[in-house]
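This report concerns the salt bridges of one protein model. The sequence and structure come first.

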Amino acid sequence: PPGWRWCVQIGDQYGDPAGMLNAGWCPTRGEAAMEGEQVGVTVAKALRMFGHPVDYRLVDLEHDPIPVGVM
């Protein structure tokens, strides 16, 4: 159905399934931003706890980079 997807990934190759750690869907852009941000911060904190350097940032794309049928 219509809505918004969010994804937490490693790297900057947006839409590359190999770098996707977690993803989800929400009915509104605001809900997707909030849910994705919560998951992203949790992942970043967990990686830092185990000694992995993390450069965390939120990227808001105006298009869905994931090809139809991939996810």
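The model is predicted: local features need pLDDT of at least 70, side-chain atom pairs count only at pLDDT 80 or more, and totals for chains, interfaces and linings use all residues. Residues are numbered from 1 along each chain as its sequence is written, and side-chain values use heavy atoms, with hydrogens and water left out.

With a salt bridge defined as a side-chain nitrogen of Lys or Arg within 4 Å of a carboxyl oxygen of Asp or Glu, the count is three.

| Salt bridge | N to O distance |
|---|---|
| Asp60 with Arg29 | 2.8 Å |
| Glu62 with Arg29 | 3.0 Å |
| Arg57 with Asp55 | 3.5 Å |

Asp60 and Arg29 form a salt bridge. This pair links distant parts of the chain, 31 residues apart, with Arg29 in helix α1 (29-49) and Asp60 in the segment after α1. Helices here are DSSP runs (H or I, at least four residues), numbered from the N terminus.

Arg29 also meets Glu62 in a salt bridge.

Exposure is given as relative accessible area (buried under 20%, exposed over 50%, partly exposed in between; 1.4 Å probe, protein chains only). Arg29 is partly exposed at 32%. Asp60 is exposed at 52%, and Glu62 is exposed at 67%.

The remaining entry in the table pairs Arg57 with Asp55, and Asp55 is exposed at 62%. Through shared partners, salt bridges join Arg29, Asp60 and Glu62 into one network.

Conventions. Helices (H or I, at least four residues) and strands (E, at least two) are DSSP runs, numbered from the N terminus.
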